[in-house]
Structures are given as C-alpha cells and as structure tokens.
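Please look through the model shown here.

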Amino acid sequence: MNDKLIRISAIITFVLSSNALVAQSLQPAPRLVVNITVDQLRTDYIEQFSALYSSDGFKRLLTEGTVYEAAAYPFKNVDRASAVAAIATGTTPYYNNIVGSQWIDRNTLRPIQAVDDQKHLYSPEKMLASTIADELKVATSGAAIVYGVAEEKDAAILSAGHAADGAFWIDGKTDKWLTSDYYSQEAISWLMNYANANAQSSENKPNKNDRIVDLAIACADGKAMGRDEVTDYLAVTLSATSNKAENTPEEMEQIYLALDKSMGRLVGEIEKKVGSGKALFVVTSTGYVVEPEPDYAKYKIPTGTFYINRTAQLLNMYLGAIYGQARYVETCFHNQIYLNRKLAEQRHINFSEIVSRSKDFIIQLSGVRAVVDSPYSPNISGDIIVEISPGWQVVNEETGEKFTSRASFVPFPIIFYGAGTKAQRISLPVTTDQIAPTIAGAIHIRAPNACSASPLR
C-alpha cells in the first residue's frame, strides 16, 4: 500500500513538474510579426559598410537578434516574386505556383504577371498555397490584422496572402500608392486618405524605402496593429538596389546606409507603438542579384551567345522532319521552350517521345550544359528548361530579352529579432522555406498548408 502511494505521489510530482516546464518553454505569442524582405540584400555589402551603420538598424539586428548566417533558397532561378512567395508559403514554386514575376499563359502565349487577375486586376489568386498570414487569419477566426507594403505589387500582394486586409504598393508610372479592389473598401479608403494627407511629404522623399517605411508605420499605427493579445502580421518589402544598371562602390555604400536608417526607423517606431519585446521582426533577402552584363570575352573568359528563339525555330524544323511539317514549338520564354501539346494529341504522337527527342537535339548545341523537364506546374512553365553554361549570354531576338547565365551563390542572412529571441549567430546552412514554420511556432499556429520544412532551431 505504501509503495502504491509512493508511486502515485511520484507520478503527480512528475506531471506537475512537466507542466511547469511546458509553461516555461511556451513563450507568449508576439502581438505583432513584422516580416521584412529586402530585395537583393547581400551579406558582403552588409559587412562591408558595417562600421558606418547607426546603432538602430543592422547593428542592432545583428548583435541582438538570432542570425542565421548561411541562408539559401531551396530552388533555382529565384526572383523577387518567387522569393516572396516562398517565404510566405514556406514552400517552393512546385507547390505555391509562383515560378517568377511573370510566365507564359499557354492560352494566349503571352507573358502574364504573377498577380494578374481578370476580375480584380491584381490579386494573389495564382498563388496556390496558404501563407503564414492566411493561417493566422484562420487560427484567429479573422480577428488578426494583416497588411503587406512594398514598392512592387507582386511583393506586396504575395507577402500579405489571400486573406489579407490590404496590400499597398507604388505605381511605377504615376509614383502614387495603389491597391486592389480585391481588398476591403475600408483598406482602400484608408490608403486614399493616407495618400492625400501625405502627398507633399512623399514628393520630398525620392527614396522608395523611406516611403514604404512611412506607410508601414502609419498602417500599423492607424490599424492598431499589435495593440491586443491577438497577433497581427505586417509584411514589408524593402530594396537594396537602385534603378541604375550599375552602381559604383560609393553609390552602393549610400544605398546600404540609407537602408540601415530605414530599417532602424521601422523597427524603432514599431517597438514604441507595440512595446519592447512584444513584436517579432524577421529579416531576410530575396536571394538573387541583378548585375550588369560582364564583357567576358574581353578578358578571355569562356563565353558565347545562345539564341533561345533560334533554337526554338531549329527544334521545330527538326521535329517537322520527323513527324511532318507543323507548329510543334509554340513559343519560348527566358530559358524555357513550350511545345504544342494539342497538336501531339491530335496527331496521336506520344508527347513524352517529343520531349525526349527535343532534349536530345538541344543538348548538342553549343553553350548548353543541360536540358531538363520542367520541375514546376506544366500549366505555367515550359516543357523544356535549357540550362546554359555559366558565362554564356541568353538572347531572345524576338522579345529583346538578354541575360548572362550564372550559377554563383549570393550569400544572405535570416535574422529573428525581438519577442524573446536570443542574441546568437548560427553558421549551419538553412533555407528560407523554414521561416514560415518558425513564425508559426512562435505565434502558436499551424504552418502553411504546403509547408513541409522544419522550423529553425
């Protein structure tokens, strides 16, 4: 009997102590998550100008936050839209459908934008997975407040997600703030009032990052984000570039110093409004860099020109010689070739055979390193992806597009700051699809529905 009582007492003690440990480890959810993505942010430039930063921007984030130094994207051919979508959904374009800022519409054979929408003009409808902000809306029965702010519409819309209250961006033609009627009338009216009240001050701020930060702070304040126990979400996209084709080292220094001030002001003002330690800031990069086209030939570096439009024409002639004259190649875009599936079906030609013959033909051409099937949805990507040797220039004479093939890695960090995060640096390699599940864990909700990545530790 005594032994039984001892065992029961031990069990009770264990349960009580376990519950105490769980309570200690379960940190309260931050009142506001601010997910900051910086387009083309680079570790080398962050470090190069570090001695010149203020104490409120990069220095604060890097010394007081958890810094994952070796971040990367888990897929190739990253651009702004695909990067932002990957961060928001915690998965790759194979699942979220956003393969880039634009792709070919198979029905019209014309390029379309990632956020084009026939009904609303612009919306996140093409993104086929939920975002971390969407899951927050679901978990709070719509009570969470969610907004996205960026210079470009794809970044603003995709970062905010499907269920967002609003997304705001700067129109490239008029230089004025825009949104979409996809969002609530309240959000549209708020933006109009903000734009009217701040029209003159905006004209005096040519730096787009400053304007984005101004609106983000005003949005967080005006919408009372982070003022109660329900976690809210603010997605902000800044830029570490200019509109110039090439910047001098002195100009890059000015860009990063200005970015440092913008970042410091955003973090500082949000913390003043929400409270120190009650906001979680996440900072990372889009993970790619647009650089001026180098003159490799001048320095005897292996190079050449690969004409994707001529390759498409030659391939069509080759397939015509095998199967009879017809339009087997519908179009080409970037480094992708789109084949005519309907024609293959009408002529009862095995489509896999056409793809195989096409790959065998293209791989023999100069400058081609590999020819692969599309890793993404067949409805939005070409049937054949042509990988060009590094240093070679890809040219499309029909569209005027040209770019140099590069396989180089762009180093950038992932930084978590605030809401109880530790000051530490972690050198282990991590990927950006781990950001969403990490945020999900911090705010005690489930990760996005296509996210299978583990949270960062």
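The questions below set computed values against the definitions used.

Q: What kind of model is this, and how are residues numbered?
A: This is a predicted model, in which local features need pLDDT of at least 70, side-chain atom pairs count only at pLDDT 80 or more, and totals for chains, interfaces and linings use all residues. Residues are numbered from 1 along each chain as its sequence is written, and side-chain values use heavy atoms, with hydrogens and water left out.

Q: How do you know which residues the predictor is confident about?
A: The score is pLDDT, the predictor's confidence in each residue, from 0 to 100; the chain averages 92, and 94% of the residues score at least 70. Where pLDDT is low, the predicted coordinates should not be read in detail.

Q: Why is the radius of gyration said to agree with that of a compact globule?
A: The radius is taken over C-alpha atoms, and the globule rule is 2.2 Å times the number of residues to the power 0.38. For 457 residues the rule gives a value near 23 Å, and the chain has 25 Å, so the two agree.

Q: What makes β19 a largely enclosed strand?
A: Strands (E, at least two residues) and helices (H or I, at least four) are DSSP runs, numbered from the N terminus, and a residue is buried under 20% relative accessible area, exposed over 50% and partly exposed in between (1.4 Å probe, protein chains only). Six of the six residues of β19 are buried, so the strand is largely enclosed by the rest of the structure. F412, I414 and F416 cover one side, while P413, I415 and Y417 lie on the other. In a regular strand the side chains alternate between the two faces of the sheet.

Q: Why is S408 called exposed?
A: S408, in the loop between β18 (402-404) and β19 (412-417), has a relative accessible area of 56%, which is why it is classed as exposed.

Q: What makes β13 and β15 edge strands?
A: The open sheet has four strands in the order β13-β14-β16-β15, with antiparallel pairing. β13 (329-333) and β15 (368-373) each have a single partner strand, so one side of each is left without a neighbour in the sheet. Neighbouring strands are turned by 20 degrees against each other on average, direction ignored.

Q: How do you know how helix α12 runs relative to β13?
A: Axes are lines fitted to C-alpha atoms, for helices over the stretch in contact, and angles run from 0 to 180 degrees between N-to-C directions. Helix α12 (residues 308-323) lies across β13, β14 and β16, and runs at about 165 degrees to β13. Helix α14 (residues 351-362) packs on the sheet, touching β14, β15 and β16, at about 175 degrees to β15.

Methods:
Pairing = 2+ DSSP bridges. Contact = heavy atoms within 4.5 Å.
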